[in-house]
Structure formats: structure tokens, C-alpha cells
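Here are my notes for a first look at this entry. Keep the viewer open and go through the points one by one.

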Amino acid sequence: MDGTTHGPDDARMAAGPGEAVGRAVTRLEDPPLVRGRGLFAADVNFPRQIHMRVVRAELAHGLLRSVDATAARALPGVVAVWTSADVAEIPSIPFRATKVQGLEPYCQPVLARDRVRYVGEPIAAVFAEDAYLAEDAADLVAVDIEPLPAVLDAAAPPAEFAPGLHTEPTIVRKGFGDVDAAFAMAHAVIELDLSVGRHSGVPLETRGAIARYDAARDLLELHGAAKKQHWNRDEIARLLGRPPSSVHLFEGHVGGGFGVRGELYPEDLLACAAALRLDRPVKWIEDRRENFLATNHSRQQRHRIRAAVDAEGRLLAIDDVFFHDQGAYVRTHGARVVDLAAGMLPGPYRLPAYRVAGHFRLTNKTPAATYRAPGRYETTFVRERLMDAIATRLAIDPIELRRRNLVATAEMPYPRPLDVLGSDVVLDSGDYAKLLDQALDRFGWKALRESIAARRASGECVGAGLAFFVEKSGLGPSDGVRITVDHTGTVELVSGAASVGQGVDTVLAQICAEALGVGYSGIRVVRGRTDRIEFGNGAHASRVTVMSGSATWQAAQAVRAMALETAAPLLQLSPEVLTIRDGIVQRKDGATEPSMTLAEIARQMGPNSPAMRGRTPGLTAEKWFWSDHMTYPYGVHCALVCIDRGTGAVKVERYLVANDIGRAINPMLVEGQIAGGFAQGLGGALYEEFRYDETGQPLSTTFADYLIPTATEMPALDVLIAEDAPSPLNPLGIKGAGEGGTNAVGAAIAAAVDDALGQPGAVTTLPILPGTVMRLLDRAAP
Amino acid sequence: MTHELHDITLVVNGRSHPIRVEARRTLADAIREECGLTGTHLGCEHGVCGACTVLLDDQPVRACLMFAVQADGRAIRTVEGLAHGDTLSPLQKAFIEQHALQCGYCTPGFLMLGTAILEQNPDIGDEELIEILSSNLCRCTGYANILRAVRAAAAAMREEGVA
């Protein structure tokens, strides 16, 4: 594949915008999407397809006594009804991330076997000629469950999961330094008990799986895939006993991912198994209630945290014990969110000693996994609450307190004796103090304090708060990109990445355009397909721009070098005097002749070209970018809130996200990521929560109960994109931009609400609901 | 469990689709499956998210909350009818230019809602605009760019004398 080794893998792009990179160009993705010509999961149809409907548990915990499908099977148009006996040979859904021994018995079976463990757990699958009919038949499946007490509090002592297994599969422990000595010598010890509610990504498109078996080619296809096609392909193949090359996954348009979409779920395997066994294409589209009950939840944690500080407020040690509410089963992420929470909690601060114990606990709720800024939204709230509490205790300005503790630029790269996601935490670059100054300046902090004082004097309940965060991005180890120029000069970029709607095609095309010397808008980007590239690590963990973007840069450099090498002798010039502009190889000095188009060069390099004899033909290169360490973007959130004393409603009036991401490939898309991420953080801070009654019945099963922000709730949002600390770990200096908008919202709004109430430390729980605020207002009333 | 079938005609974007459906079939499903126009998306099927918004006799409605039989013979407009050939509507153009979409799933609903706003009240004030746009949900953008796009389209239409 690699026709040349000419492409200098380590060629770094100079700072500042280029021809295509750093430009706020419009997206390649948009034209079909604004015309209603997208291809989302529900838009995929195959001739002779049947429809799947899943029968789900209606009790949170119980022994599954019987499932009677007689009446359902008798309904005309019903093709089959499966219970656990029909899928007994399919193993439970495995986990790929953060593998901890002992988690396996806690993985979810495709259909419940002898117990049900959450409302919404799949018990049976109905296959029928029509989706409406499948629902009719599902209603006829009679399920007998003997109720057991539901475990709903992850901080309560562990209970029984199954005979011989209790509900705490593992405790994630990390730490460094002498914590006990630090506490013994501390000037002050600050202790907090803080909780984050149960939220999730809740994409607007629900999940879908459309499976079909092509007997002529012995191929199983799954459409509606997202995020992790290659891993999912390999696992589906393994679990169904097929070679991986006989299974292909196809990602169309994806209506939002946010961590939850594109994991391997029971329904994916059911659809695939049914397509094989029933010899009909099988279509499953999740409804919204199922999405609330069956798609991964996230976030819910309770932290009991202590800090030891010296008299100047410098951190000496942090000791944190937390309880992570995993819900009913271990899913594909294993213990990842606990690992991330434990590893990322220290954030931007110098910390001599640290001890953390993350209790990974199962409850009778929908299973949980990652949601945008997993483990960081939670621990930024916890850590920044802690910093505010230290400031209050020592009567130090909270901003000054943070300044004293921030890791300094001179200390970068800053290794922490910690690992997260199996890689050592090394804060790769940053000027934290500078960004803090820039953010305060941009938000007009000083003037704001004065206007807050004036508004309070006139009776308003207003306040401001801020929070600092460190994100992580660019999870390795590898991703590959193959770039090919065809004989018409059209550039195709095939990537192992995926897209969940964030603009991956455009960003990769911009990078390719910059390196190769072509226009970005004509580049055809292929991703999310296992039949076009052998490997891929997909779209998650803010990794695509870093990993696949870097691979794109290298592959395009290699193609460029091949083109120049091929053109030079034909143009009777040395490659060093040549460049590529708008797809034409020409002299660097601006002379228009001689020249040669990439199309002409591609034809010269075709399989029938005598010049290629003995070589691999094609103007094409595949490059793999490898990375041992993540890159760490960082930022500051500032919030101004106003509280309605009559209702307890918190209105965010103004908000700033300042985020250093090294280099913005497309500033418009980066702002879009930050604004959208902020909206999700706002939901978690003030509105969104999966609530349960005391028996484990979910109470948030519609959009009328689970409140995601609308246009009305959005404040005036300002976004400051900084590029002061490019990452040394990749050729473009990129850090991921997908999660910084979400990360610190809960923390900053909590600080602002405290400030408005005039009660430091009042907010201990997210979301901050009106009832809580009313109680706090009453507490303060004379 | 047998369900009587009804012969109706859905007139979508000026074209008649004679179809046969059960009374319980939603308008959204009929537009998507029977008429083959999958640009109208379903986000919740309980009338909150607005992804399925279409125009019925020029009024925005939730196609998930109506039965197809209720729309028999009435004028339905969907996202597929906004462009004229290769020429996008001012609002479609503005959505691209203002980066008012990311995943694009809620976009058809917002485009239809926005189209109704621009047709009925092109000089709408900010407060009312936010209130009306709050009837649909977007999980990606944070809404500000959607507001900008509607305003930009209104301005473009004024300039072109369309409004």
C-alpha cells in the first residue's frame, strides 16, 4: 500500500491557520441533511424485512418464573418469538474497556435468564411482518416474575447479585504519596459529601439495528452501527461463531452519540442472530421509552472527599472514597467511568499525595457507562466544590486559591504518578494561569462583581462562579487512514474512525486538503465501514481529530510526496522546487508552467502503466498514527446566575467556556462542539435526572419527565478558543474539543448558585432542582 | 386482532400518494414508509421533541401525534419540499452557513418549524422566536446557531424580497 517512504511522518504544521486547516468552512455533511436525504438507522430498509420488538421487564428485580409466548406466536403475521432458551448459546455481552478481573459474571445476557435486574431488561424478542404487529404481539407475551427487593442506593452496603456474588464487583484504587502523613501535618482538613445525579446522553435519534444475511456471499451485515464498528464487528462475529471477515458493519448518519450510542447492546445481537436464523432481514428501531430504559445511563456517583491543606491553601493531599451507581449489569465499558473519575480527579492542581477508592456498585437500575466527559463532569464538580470549600475555610479568594495550586507551565510536561485508561497521566502542555486570566478578563469578572453587588442591593438573588477543568483526549493506541487519488483526480479518504454527527468528514477533509494541496470540498470521506478498512478504533473519547486527523495528515503527506516524486522527472524538475496547489503540481515560485494535475499523475501510476512495473500501483498511501499518551485540553467555565426567590428556579444569564485545544482545525465546528456540550452540561446541572420510586420503577420515561434544555434555557454563551498550548504529541498540535464544553458546567453553576445564595458550600448535589433551592432560600431567611 | 384498512390520499409537497393504511397508522409513519419520504424523523413519538414536525395546510404539526387518516387530502409539506431543484431555501442555506446542525436528526423538524415562522411572521421578535423554537428539541447544537440561522434567513429573504 505504501508506495514510498518519502512522507515525513514527523512534519509538524506551523502555528496559525493554513489554507484549509484553521478555517471556519461549512460542512461536507450538511447538504443531504438539510434536504431530508440522510440515511439514519430507521431509513434503512431491505426487501422482505421483518420487525423486531423486545419484551422488557416491568419489575426492577425478581426471579423470572415463566415467559409464555403462546398467544403471541399464534397472532397472524408473527414469525417467531424468542426467549432466553432460544439464545442460550450466545454468550453475555462482553466488555472491551478497563478490564478488571472478576467482572465477567456481571455482564448482561442477551435475554434475561433466571432473574431480571432492571425495568427495561430484555426478556423476549418478537419478530413479525410489521412493526405495529410486532408491538401487538409483544403485549401478548405473559411474563411471570417473583419480585425481590430492589437495590437502589450504591452507597448502601453491597447486597446479593446472584448466589455467591455481591453487588460490588470491584473497587478501583489509585494513589501516590504519603496521604496519612499529609493529613497528620495539615493546617486544615476539609471534608465534603457530594453527589451527582443519574443522567445520560439521550441522543435525538434512538438506537437502531438492521441486520441481514446475504447467503450468496455468506455475509452478515449490520446497519445502523455507530462509534465502534470494528470492535463490534469482531465481537458479533465471535459471539455468533463466525469469522470476522464474514460480518460487516455499516454506519450511516448517526443522530448523536454522546457516549451511549454505538456500544454493543443485546438488541444488536438479537437482530443479527435472527437475520441468520430466520433468513429474513430484521429491523429493530428503539422507541423513546426504551431509549430511557435500555440505553446506557451515566454519571451517578457519591463522593466522600477530604483535603489536607497548608495555611496558604496549598493542597497537601486528597483522599476520596466514592460510590459509582453502575446499574444492573457491567456493560461494554467495564469499570471505565470509575477509572476515569479516579484518574482525572486531581485536574489542574499540583497534588503531593492522593488516595482514591472507587466502589463500583451494581443496583437495580438501567446499566450505566460513558456520557460526554465521563468521570470528569462528576469529579470536576467534586474537586471544584472542594477548592471553593478550602477557600471559604481559609478565607482566601477562590480564584487566588486556584492560582496557588495550578500546575505551572514550567512544570510541563507534568507527569502524575497515576494511570487512566491504562496510560500514564502526563499533562502534555498548558498555560493554566494564562487561560484563567484570559477567561476572567473576557467574562469581565471585576466589573461583574460590582454589578452583582449593585443588583443584590436592589434585592436580586444573583451570583457568579467559576471552575477549572482538565480534559483528556486522543486515546490511542492507533488509527489509520488511506488516501487515494483516482484517475479523475478525486481524492478518497478511508478512515477507521466513525462519526456520531460531529463533523468528522469535514475535519478530516480539511486536514487532507491542507497536507495534499487540494480543495477540501471535493474530498470523499469514508468512515464507519468495516468493509473498506481492516481496522479502526472508532469515534469516542475525543480521539478522532487527534488520532485519525494525525493519520490523515501523515497519509496525505505521503501521497503528496509520491505525487511530487512521480511528477518531477516528467516535468524535468527536482521535487524540491515543486508544490501542489488546487490539485495541480507546479513550481513553488509561482510559475504556472510546467505543471501536471493529480489526475494525470494518478493515471501515470495506474496498474497498466509501464512505469509502475514491479511496484504497487496507485497514487495512494495508508498511514497509521500511534500514540502512547493522551493529550490534555483544559479550560475555565464562568457562570452568572439569577435565582427566582418565588420558585427556586435558577436562570443562567451569562456563561463563558474558555478552552485551550492546541489547534482548532475548524473554529466554527469547535464552537459548535463547545456550545452543544455546554447545553448537555447545563441539563445535568439544573434539569436532567433519571428518578426512581422506592421499588425501582423509573419515573423519567418521557421527554416530559426527563427535561433536556430547550432554546429558552440557553443563556448568552461566549466561547474562547485558545491555541496557546499545542500538544507536542501529534503533528498538528491538536487536543480534542468534544468534551470541554460539558466538563465543568455542574461545577461552575454550583459555585454561582452558592454565591447567589450567599451560602458557601450550599450546593452538594446535581442537578440543582428548584425544591432544593427553595429549602436553601428558606434556610437563609431571617 | 384484525385492523380495517382505509384508502386515503396524502398530498405531500404537491404530489398525491394514494395509500391504504390502518386507522392507527401515524401520519409520520405513513409519510416515511408509505410515501417513502424519510426526511421526517421520529425522535420521541410522544409529541415533545418536534423532530417529526411537518406543515399541514401551512401550520406546523407533530406528525407523530396525528393519524394518517386525519390528513387525508390535506396539503402536507415536508423537508423534501423545501428546495427547488438544486436551489436550497434561504433557511436551508442559513442552517449550513450558521452551523445550525450537527448530527442533523432534529434538523428537518426545525427547518419546517422555522419555515412556518418565516412565512407567518418574518419580522418576529427575539423573545417570541425563542419561545416558538423551544417547542423542538436539539441535543447537539445548544440552539444559538439555530436562532441565528432563522434570523439570517429572514434577513436574506427581506433582501431578496421573498418575504
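This is a predicted model: local features need pLDDT of at least 70, side-chain atom pairs count only at pLDDT 80 or more; totals for chains, interfaces and linings use all residues.

1. Residues are numbered from 1 along each chain as its sequence is written, while chains are lettered from A and ligands numbered from 1 in the order in which they are written.

2. Chain A holds 19 helices and 31 strands. Those are DSSP runs numbered from the N terminus, with helices being H or I of at least four residues and strands being E of at least two. Its C-alpha trace spans about 90 × 70 × 50 Å along the principal axes. Of the 782 residues in chain A, 59% are buried; that label takes 20 or more other C-beta atoms within 10 Å of the residue's own, 12 or fewer makes a residue exposed, anything in between is partly exposed, and the C-beta atoms are placed from the backbone. Take the contacts in chain A between residues at least 6 apart in sequence: 81% of them join residues at least 24 apart. A contact here is two C-beta atoms, placed from the backbone, within 7 Å.

3. Most residues other than glycine have a negative phi, and most peptide bonds are trans. The bond from A:Met412 to A:Pro413 is cis, with omega near -10°, and A:Pro413 sits in the loop between α10 (398-405) and β18 (414-420) of chain A. Another cis bond runs from A:Gly476 to A:Pro477, with omega near 5°; look for A:Pro477 in the loop between β20 (461-470) and β21 (478-485) of chain A.

4. You'll find A:Arg299 in the loop between α7 (288-294) and β15 (301-309) of chain A. A:Gln572, also not a glycine, has a phi near 55° and lies in the loop between α14 (544-571) and β24 (578-581) of chain A. Are these two buried or exposed? A:Arg299 is buried because 28 other C-beta atoms lie within 10 Å, whereas A:Gln572 counts as exposed because it has 7 C-beta neighbours inside 10 Å.

5. On to chain B, with 5 helices and 5 strands. Reading along the sequence, you get β-β-α-β-β-β-α-α-α-α. Its radius of gyration is 16 Å, close to the 15 Å from the globule rule for 163 residues, so chain B is as compact as a globular protein of that length. The C-alpha trace of chain B spans about 50 × 30 × 25 Å along its principal axes, and 53% of its 163 residues count as buried.

6. Chain B is split into domain 1 (5-81) and domain 2 (90-160), with bounds from an automatic or database domain assignment. Over C-alpha atoms, the centres of these two domains of chain B are 22 Å apart. How do they touch? In chain B, 16 residues of domain 1 are in contact with 13 residues of domain 2. On the domain 1 side, β3 (53-56) and β4 (59-62) of chain B are the elements giving two or more residues, and β3(B) gives the most, with 3.

7. Last, the interface between chains: 47 residues of chain B are in contact with 44 residues of chain A. On the chain B side, the elements giving two or more residues are α2 (90-97), α3 (107-120), α4 (126-133) and α5 (144-160) of chain B. α2(B) gives the most, with 4 residues.

Key:
The radius of gyration is taken over C-alpha atoms; the globule rule is 2.2 Å times the number of residues to the power 0.38.
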